[in-house]
Each structure stands twice: as C-alpha cells, then as structure tokens.
Amino acid sequence: MLTWLIAGILGVALSSGGNSKEKGEKKRLEKLEKTRETRKKYYEDNNLNEQYKNIKRKIDNLLEEKEKYKELKFYINDFKVKKYTLKVENLRKEFKVFDEYFDIIEDYKEFFEKLNNLLLSEEEVKSLNKEYIEKELDENKEFFSNIDGKSLDEQQRRAIVIDEDNNLVVAGAGSGKTLTISGKVKYLVEKKNIDPKDILLITFTKNATNEMTERINTKLGIPIEASTFHSLGSKISGYLKDEKYKVLENPYEILNDKTIKNILSNNPETMDALLEYSSYYIKDNETVLDEKFESKSDYLYTLDNLYTLREKTIYNLYESIVKFKALYYKKFNTTKNFSKEYCIALLKKLPNTEIIIDLFENLESKNFIFKESDLKSIKYFLKIMKDEYKKTKDFFEYLFLNEKFKPYSGDKVKSQEERTIANFLFLNGIKFEYEKLYKNGKYYMPKDSYKTARGYLPDFYLSEYDIYIEHFGVDKDMKAHQYTESENQKYEKSMHWKRETHKINGTDLIETYSFYHQEGILSKKLEEELKKRGVKFKPLSKEEKELLLIINNNDEEFSAFCKLINTFLTLFKANNLDKEELVKFKRETSEKNLYMRQKHLLFFKMFEPLYDYYNKKLNENNLIDFNDMINKAIDNLNNNPIEVIKKNNLGYKYIIIDEFQDTSISKFQLIKAIKDKIEDCKILAVGDDWQSIYRFAGSDILIFTEFEKYFGKTEVSFIEKTYRNSQELIDIAQNFIMKNENQLKKNLKSDKSLTKPVEFKSVSKKNKIEVIFDILKNIAKENLNKEKEVLILARNNKSFSQLNGKYFHVKNKKIKIEASNFINDKELKKLEYLKNIKLSIKTVHASKGLEADEVIIIDVDDDIIGFPNKITDDSVLGYVLSKADNFLFGEERRLFYVALTRTKNKCYILFDDKKPSCFVVESYNTKSEDLLPQKNKRICKKCGSYMTKRKNLKTNEEFYGCSHYPKCSYTESL
C-alpha cells in the first residue's frame, strides 16, 4: 500500500519487467517506510512545518498571480513569462526538501499538484494573449478610429496592441508606418499610462526626426522628441562622459580620391598593390560560366567601360595636349609652330618617360593643330600653371590631374578576361594590337568556310614575335555558354575554325579560356605560354608605375574604387570593428579561390594605411564620425551601472524605431546595450525590407529579416494595405522585388485602381528633355485647374545637370520650368495650366519616405553608373556584412522598387533606346500586356537580350542588332 502511495504522489510509474532502475526505486521506498518514525521526529524537532507553511503561502500567492494573467489586463510578454517561471522553479527547489516527508505531511499531495499547475504553458500564453488582443481592440474601437484624424486599419491596430518584448512590424510602401508609430505612442500614453519620458523614439534622418516630433508634439499633444541614432549616441556620451567633438559629416572629406591616390603612391608596396588591383582585380572574377547568370544577357549587363590600361593612358595623353598648348603659349605667346615634336621634346627631358613617349608618338597629328579658338580652352590652365616646375611629379600632376573636358571614348575590349590579358601585356612591356585583321586579310581558310567579306580578327597580335592570342569563353569541358544550344554549337565550331586557320597558315596561336579567369589562373597560364615562346618581359619600373597612376588618376573606375574604400570603412566602423579584425579577414581569404584571395589581400594591404590615416586625422582635429558617435555610446553604456543609466534619464520602457530595415550592427548594439540594462524594456521596430537601400552606409538587412535571432523572442506583425499606390502598380512592383527570394514575403493590397500605372518611354540623348516636357504637358492637360506634384527621380545626381536647357532650369538640386523660353511658341503661350505643376527632382535615395502625384524616373539605362549601378557591389564587402545579398543587383532592385512606389498615380520610366537597363528588359518580359510596348521584339540568339533596329552608316541598310552591342555583336536581317 505504501509503495503504491509513494509512486502515485511522485508520479512514478513502475512497469512490470523489473529492470535494475525499478529495483533500485523499490529498495529506496522500502527504506523510507522503515525510517518513517525517525523522519517524523526530525521534521517536528527542527520545526520544518513552519518552513513548509511559508512555501505553501508562496504557492498560493503564485497561483493568485497566475489568475491575474487571466484577467486580461496586460499582454503576457516573454519577460513576464521568464520572471514568473523563475519564481516557480525556485519554489520547486524549496519544495523538493519536503519530498522525503511526503508520507508525514497531510496536504503534501495537494500542494505538490498545485505546484505542478503553476507553470504557464506556451499554449496558455498564446491563448491568453489572443484574448487580450481581441479585448483591447474591442474596448478601443473608438480610440483607434481617430489617430491624428485618421482611422487605423485592422493590421495597424493589432500591431499597436501586441506588446511582446520585441515587436517587428513589417510594412509595405505607403502603408502608414508613421501613423502606426503615432498610434502606438498615443495608445501607450493615454491608455497604458506610460510617461512620455519613458518612450525613446528613433528615426534615421533629421528630416524624419523633425516630422515625427512635429506630428506627436503638435498634432497629438504628447511631449516626445524623436532622435536620430547619432544624436542619441551623442546624448548618451554627453550624459555619461563629458566629451566634446566636431562632427565629420562624410568620411570622404578625409579620404577623397586625391588623398587615397597620394597615400598609396607614396609607398612602393601599396603603389604596386594599387596598380595590380586596378589592372586585374577592380571587378570580381565573374564570367559567363557563373551559375547566378540565367543567360549570357544577364552576364553582359554586369560589364561596362572595359577600357584597358593602355587605352586609358592614350586617352589621357590626348587630354594633356591642351595643357602642352598652354605651356607653349605662355612661353612663346603664339599658336604658330606648335607640334607633336615640341611635346615629345619636353617629355624626353624628364626621367622614365620612355613608355609614355612610345604611346605619344602614335597619337594622331590632327590633335596637335593649335587654333586661335583653342585660346579659350587654355585660359584656365594658364592660371593654374607654375612659372617653373622643379619636381617632375609636380609637372605631371599639372598635365594629368585636372578635370577632363569629355568622357573617355577609346577602344574597348569585349570582356573582363580580355582586359586582364591586355593589361598583363602592357604592364610587362609586351607590345600588342587588339583585333588586328589576320595577316592583313591574306590568308588561307579551311575547306567549307562560310563566304564573307568580313575578315578574321584574332583577339591579340604580338607583332614582334608573330604570336596570336585567342580568348575563348568556355568551361573546362570546352563547352560554350551562349543563349541557345544552336549558338553554343556555332561558337564551338568557330573555335575549331580558328584553330584550323592558324594551322593551315602556319601561325602560332596561344589559347586562353574563361575558366582560367574563373579560377584565378589566367595571368599565370598566359605567362607560362609566352615564356615558352621566348617572349621577353620588361616589367614597368617603380617610376613608370607612379607615372601611370598619376596619368590615370580620375576615371570612373578609380572613383568607384575610392567609393569602395569609403564604403568598406563605413561598414567596418558600423560593425564596431578594429584592426585585429583585418588580421582575421586576411586568414579567411585562404578559403577563397586564387583570384578572390589575391584580390582581397591586395585590398586589405591598401585599406590598412588608409584606415590608420583616417583615424589619425580624426584624432588630430578632434573630429568624430557618425559611427564613432554610436560606438562610444555603446562603450559608455556598457561601462556604467544601471543606477547611473537611470539617473541620466535613460531608463526607457519603450524603444520605438522607424525605418528599421536601415539598421547597422553598431546601431543594433546601441539598442541592445540600452535594453540589456533595463528590465522589461520593450522594442517596437517598424520597417520594410523591400526598401533596404543604405548598405553603403552600413545597414545590414539581416538584422531585419532575422530579427528574432538578434533580439530574442519576437512577435511579427504585418501592415500590408497601401494608401498610396494602385493595386495594379503594387502588383508590378511586388512581382519585381520578389524575384529576389531573400526578401520577406508580403501580400500588399490597395483599394485604388489604375488601368495603366507604368509607362515606358524609349528616348535618345537628343529628345529626352522634350519627352519629359511632353509628359508634364499631358499631366497638366488631364488635370486642369488642379495642382499636381511631379517628382523626377534619377539614380545619380549627375542626371539632373543634363536637364538644363530650353525647357528646364536646374540649380542647387531644384528645378523649374523655363516658360520664358517659349515667347515665340504659340502652343506654349497657351500653356498657363503648366503653372499648376509643382516640379521637384531627387535621387532615389533622397526620395525615400516621400510621395508625389506623378513620378518620372529618368536614365534607367545599361551603364556603369546607370540603373542598376554596377559599381555598388563587391565581394570584399562580404567581410563587413553578416551575409552579403548574393542576388544579382539585389540592393539596386530594392532601390528601383522604392522609385516605383513613390507615385500616387502613374510612374513614367525613361530609358535610352540603345542601351536599356536590365530592369527595363525584365519588365518587358513580364506577362502584363500593359508592360509590353516592345513585346514583338526579336530575341538575340547569342545572349538572350532583345534586338533593336539599327542602320549601317555606310550603306543606310537597316538590320536588327543586339541591344548589348558592342558587348554582343549578333545581327539579323530585317
């Protein structure tokens, strides 16, 4: 009987079978039975009954506490559950002392069962919270129907009422994020009696801060001042440590292009690293073989401005001629008798200029004609010219460090691999010709060759050694990766044809392949083949390298590299990292392929002295950058006790963060440092991962998409009803952004409808401004007597300066219609209704959070700084982002989504008819009939892009050519 009683009380089920464990339990119980009297006496003598009564009171108190949860007066957050669970676990430990007196204490079983019933199960918590939410929504219907004069929708209301430790609100564009935040603040203050000083409200920009403060202070009458992360960091450091700094607005103020060039050029090791990096590693080793490219067309979109080092140097020598003219005019005060020989004679007086003179001698003579009209061009250079150049470097800086008059337009190669080959030959003093007609057109062809007037153009010809080099875009199995299988076969046949041609004509052919570049062995393999054939290598001297760096100082690629340096620096500091991390990064390169390993090691070699210089300048000038404002605040929070934190009014109960998708690691660490100091401090983060566009400033999208991993127990809410865009536009934008499966899935809805929300306009450089003006005219005509806000968006500020002219005046990032230009234009004299157009210009980044009646997106072109911008992503950034978005143009895709969703009505997309962006082409390929103005376009069989009509300038004959020309030269007859 006693054995059964003991087993029943302790919940022990003794099954038949009699294993060793059961036998041990049986012996223990028998021993307890024999010692009952002894235990009873001990219990009474030591007054354990009083202790037991105390524990019973605690159990009853906790049961009362649990019952209060059922009253639905508050949301049961994870903090409360853990705190309550800890009390239960401590009670269990106390109660365990009385296990051996179970047969002595009369109500042991009763309180044992009560103790077991104390725990809150996950299901109970979910059920009670669900009831609480419904109760709050019902009791506050009227309250939520008037937040700043607006009624909240069902999702917005739920997002406000849910009160977990960590709350993430995933919002769509135009879904009322700011209104939801305002509603949360009003609800906390007026319904939950939270003191406004206990609410920390954070936004990302000064403008957003002012707007949020104005809305909550003035419209809601609640005294809360919103902060940016940086002003919060500054305030915390000011409270906890009395330090004063001047704020550095932009790291580029210290690390500009010229400074970076000078620092790297002053050390032989970093100078070599810069030249090697810029010649071979400026881009990642992407090839047409990479799996991430669905077609060859996708790969071609990543290529642009494939100018070789030699061609860029030649171009800059042409640019320098005007400065030679200025020198000549200053000395002789005449334009007569200026010549190429005069320039070469000056260069010969300087050391280590043989390589430059060699290129200079081949410049076209027509560029050396000095006309009287050239005097206007040289006035600027006469002003900045010194009377005497004592240092060679100073003279070359005069020649090559000034602004260019026109964009570079030299010959291009057709792939990154070909550029690597060309730069390798140039840097090693090996002369070559690119795509020279094979044997001057006099050669034998294999049998059954296709009859054509077009001659064979091998990729490279080394005239001194009579050696040809062909680079083939194939994998290890010698298989091509064109768009169609028939084009693959054609490419592989052309390889065979070229080999046969060289064999028949007895010429020496070196072959290189795309997979060499992919594996990082292209230069190595080429060097081996050249040395086998006795080709002499004449690597550039230190002085020649320095001269090349001076000459090629201000092209787009070097500017892109400098931006990359600044982006890496910003991300490095946004992650609160130090130089020890660089050592770790260098070790991690061993896991990369040979190309990436060398590229990244070269980058770190250059970054380290630049990082040291940057920090030195900060210290010397008592400057602080935005990242250090946050990093210092984190240190100050971690180094002070909670008493000091609360004394300085930092004991917040709620932290509400807007635009959370733009958070960096250091900003996350700042919030976490505050939250970890304060018990039961709750976080509400609102944002849209589809609009995460500040990667270059340190934002890490993973903090948003993997929110619970960073913060702990989280409730995720969605607000998906948009009040800005039509459903048709949402469908287009949603389909576009969700091509990237890394984005969180949403189902955006709108009550608005518009038949044709997006219009594509094919433009040329000549008619682009007129097209924009025609759009404005049509908007004005369709909305007579109505004021309409029209926002012109571009990926880069550079686009806006091109709008200056007959129709528009652009100055200081503002634009106005120049009606005064139309005095003689009868139609435009009547266009009084244009006064109702309120026109503005913004970059897409600057437009974040804004809206307009109509939006015009310009320059959606395939270009290195087009849309998408091709210089924003680099593999080296993977070290300072927790997980780089490996989707092709992932951040640029989000940026385009932001542009699309700024409009309340229509969005007009303007693109260059000769080089449309891949985003435009992708939109053409959607199923929506409204988006297919070119749905009958032919598809290029070689790369998969679409084809455009072009005209042969010599014969005026029209034909179809690939839109990727000259990167793809495929043509078809009409």
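Is T313 buried or exposed? T313 is buried, with a relative accessible area of 0%; buried means under 20% relative accessible area, exposed over 50%, and partly exposed in between, with a 1.4 Å probe and protein chains only. Welcome to a predicted model, in which local features need pLDDT of at least 70 and side-chain atom pairs count only at pLDDT 80 or more, while totals for chains, interfaces and linings use all residues. Residues are numbered from 1 along each chain as its sequence is written, and side-chain values use heavy atoms, with hydrogens and water left out.

**The chain as a whole**

- The protein chain has 39 helices and 22 strands; helices (H or I, at least four residues) and strands (E, at least two) are DSSP runs, numbered from the N terminus.
- Of the 974 residues in the protein chain, 53% are buried.
- Contact means heavy atoms within 4.5 Å. Among contacts in the protein chain between residues at least 6 apart in sequence, 77% join residues at least 24 apart.

**Around T313**

- Helix α16, residues 309-332, is where T313 lies.
- Setting aside neighbours within four places in sequence, T313 touches I356, L359, F426, L548, I551 and N552.

**A five-stranded sheet**

- Five strands form an open sheet in the order β13-β19-β18-β14-β17, with parallel pairing. Two strands pair if DSSP finds at least two bridges between them.
- At the edges are β13 (758-763) and β17 (837-843), each of which pairs on one side only.
- From one strand to the next, the twist averages 20°. Axes are lines fitted to C-alpha atoms, for helices over the stretch in contact, and angles run from 0 to 180 degrees between N-to-C directions.
- Inside this sheet, β18 (residues 854-857) pairs with β19 (residues 907-912) in the parallel sense over three bridges. The bridge partner of I856 is Y908 in β19.
- Helix α35 (residues 768-782) lies across β13, β14 (788-794), β17, β18 and β19, and runs at about 165° to β19.

- The loop between β19 and α39 (918-924) holds K914. With a relative accessible area of 60%, K914 is exposed.
- K914 and D861 are 53 residues apart in sequence and 8.8 Å apart in space, C-alpha to C-alpha.
- P868 sits in the loop between β18 and α38 (890-900). A cis peptide bond joins F867 to P868, with omega at about 15°.

**Strands β7 and β8**

- Strand β7 (residues 467-472) pairs with β8 in the parallel sense over six bridges. Across this pairing, E470 has E511 of β8 as its bridge partner.
- Five of the six residues of β8 (residues 508-513) are buried, so this strand is largely enclosed by the rest of the structure.
- D466 is in the loop between β6 (460-462) and β7. Its phi is near 50°, a positive value in a residue other than glycine, and at 36% relative accessibility D466 counts as partly exposed.

**Two helix pairs**

- Two packed helices are described by the angle between their axes and the distance between the axes.
- Helix α26 (residues 556-574) packs with helix α29 (residues 626-638) at an angle of about 15°, with their axes 9 Å apart. The two are therefore roughly parallel to each other; angles under 35 degrees count as roughly parallel, over 145 as roughly antiparallel, 65 to 115 as roughly perpendicular and the rest as oblique.
- The contact between them is made by T570, K573 and A574 of α26 and N627, D628 and N631 of α29.
- Helix α27 (residues 579-588) packs with helix α28 (residues 594-620) at about 175°, with their axes 11 Å apart. This makes α27 and α28 roughly antiparallel to each other.
- Here K579, L582, F585 and K586 of α27 meet L601, F604, F607, E608, Y611 and D612 of α28.
- N622 is found in the loop between α28 and β9 (623-625). The phi of N622 is near 50°, a positive value in a residue other than glycine, and this residue counts as partly exposed at 41% relative accessibility.

**Cysteines**

- The structure holds zero disulfides, a disulfide being a pair of cysteine sulfur atoms within 2.5 Å.
- C343 counts as buried at 0% relative accessibility, and C562 counts as buried at 0% relative accessibility too.
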